[in-house]
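Reader: Could you take me through this one step by step? I'll ask as I go.

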Amino acid sequence: MSIESRSIISPKARIGNNVEIAPFCIIEDDVVIGDKCRLESHVIIRKGTIIGEGNAFYSGTVIGGPPQHTTALPPYGHIVIGDGNVFRENVTIHRAMKAASATVIGNENYLMVNAHVAHDCCVGNNVVLVNNVMLGGHVQIGNRANLGGAAAVHQMCRVGSLAMVGGQAHIVRDVPPFVTVDGLTSRIVGLNLVGLRRGGRTVEEIKTLKTVYRILYRGGLTWQQIIDKMQAEYSIGPAAEMTQFLLGTKRGIVSERRSGTARSIRLVEEDENNCEEEAVRTLRVNAG
């Protein structure tokens, strides 16, 4: 263990074996740091933070700040961090709103300079958050997702596994698994084929996902028809994961970027006697 004497470490903190702590770090009460973690200078780990093994924290990182919410009152929840993560300079992660809840960071994630993870977020494994990515409260990020520089995800939204979100995108609806979001338009431009191949998906699985993608975005079906078809025909593999993700959406899903006239996924069948009323009840999936 190597702990610099110029750092301030609470006697109530639990520090594991072979931990390196550089000068001018602050570690508060009720903190657990696992074995083989490394803290560069000026890192702050605040109370309520539980950290696994082999994590690296670069200068200026602040873990465990209170939620940025006008109604937030102590006692706040915790932060739970897994193993093998890298937190580059000035990353900030906030505690959950309620004492029984936690902001969760999984394993082997890479959070680049100035990335921010708000209260009650859940970040999976092998996720990359590039510089200045901002996650609002209660955001969920699936395994192996990649968010480009300065992308912002609205509170309560989800980004599915192996999704690629372009830099400066503004995400205000759920991003399904396995797709690519263009940073300029913040719309989906197809499957993340590179990520799928690197993630070990087979040729047949990718072929099936292409079919599912066409059903979802280009089949002209109502939302319920889409769900029924996918549940009936794709019960295993990545396609089934896509179906389960869609079943869990509460904010709707991000539109596809397409030229020409915008389309809609119809939530209900049109009533010939009341077309105007039914037309209001559409979910615009490929519209602006």
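This is a predicted model: local features need pLDDT of at least 70, side-chain atom pairs count only at pLDDT 80 or more; totals for chains, interfaces and linings use all residues.

Reader: Which strand pairs with β26, and in what sense?

Author: Strand β23, residues 152–153, pairs with β26 in the parallel sense over two bridges. Strands here are DSSP runs of E with at least two residues, helices are runs of H or I with at least four, and both are numbered from the N terminus; two strands pair if DSSP finds at least two bridges between them.

Reader: What is the strand order in the sheet with parallel pairing, and which strands sit at its edges?

Author: Nine strands form that open sheet, in the order β2-β5-β8-β11-β14-β17-β20-β23-β26, with parallel pairing. Its edge strands are β2 (8–9) and β26 (170–171), each of which pairs on one side only.

Reader: And how does β11 pair within it?

Author: Strand β11 (residues 62–65) pairs in the parallel sense with β8 (residues 44–45) over two bridges, and I45 stands opposite I63 of β11. Strand β11 also pairs with β14 (residues 92–94), again in the parallel sense, over three bridges, and there V62 has T92 of β14 as its bridge partner.

Reader: Is the pairing parallel or mixed in the sheet of 11 strands?

Author: It is mixed: this open sheet runs β1-β4-β7-β10-β13-β16-β19-β22-β25-β27-β28. Strands β1 (2–3) and β28 (188–191) stand at the edges with a single partner strand each, so one side of each has no neighbour in the sheet.

Reader: What packs on that sheet?

Author: Helix α2 does, touching β27 (179–181) and β28, and its direction makes about 150° with that of β28. Contact means heavy atoms within 4.5 Å. Strands β27 and β28 pair in the antiparallel sense over three bridges, with T180 opposite G190 of β28. Their hairpin has six residues between the strands, and S186 takes a positive phi near 60° in it.

Reader: How do α2 and α4 pack?

Author: Helix α2 (residues 203–218) and helix α4 (residues 237–247) pack at an angle of about 30°, with their axes 9 Å apart. That makes α2 roughly parallel to α4. Angles under 35 degrees count as roughly parallel, over 145 as roughly antiparallel, 65 to 115 as roughly perpendicular and the rest as oblique; axes are lines fitted to C-alpha atoms, for helices over the stretch in contact, and angles run from 0 to 180 degrees between N-to-C directions.

Reader: Which residues make that contact?

Author: From α2 come E205, T208, L209, V212 and L216, and from α4 come P238, A239, M242 and L246.

Reader: What else do the buried residues of α4 pack against?

Author: They pack against β24 (158–159) and α3 (223–233) as well as α2. The buried residues of α4 are P238, A239, A240, M242, T243, F245 and L246, where buried means under 20% relative accessible area, exposed over 50% and partly exposed in between, with a 1.4 Å probe and protein chains only.

Reader: Changing topic: how many disulfides are there?

Author: The structure holds zero disulfides, a disulfide being a pair of cysteine sulfur atoms within 2.5 Å. For C122, the nearest cysteine sulfur is that of C121, 8.7 Å away. C122 is partly exposed, at 35% relative accessible area, whereas C25 is buried, at 1%.

Reader: And T49, where is it and what does it touch?

Author: T49 lies in strand β9 (residues 49–51) and counts as buried, at 0% relative accessibility. Leaving aside neighbours within four places in sequence, T49 is in contact with D30, V31, V32, I63, G64 and I79.

Reader: Last one: how many helices and strands are in the protein chain?

Author: The protein chain has five helices and 30 strands, and buried residues make up 46% of its 288 residues.

Note on methods:
Residues are numbered from 1 along each chain as its sequence is written. Side-chain values use heavy atoms; hydrogens and water are left out.
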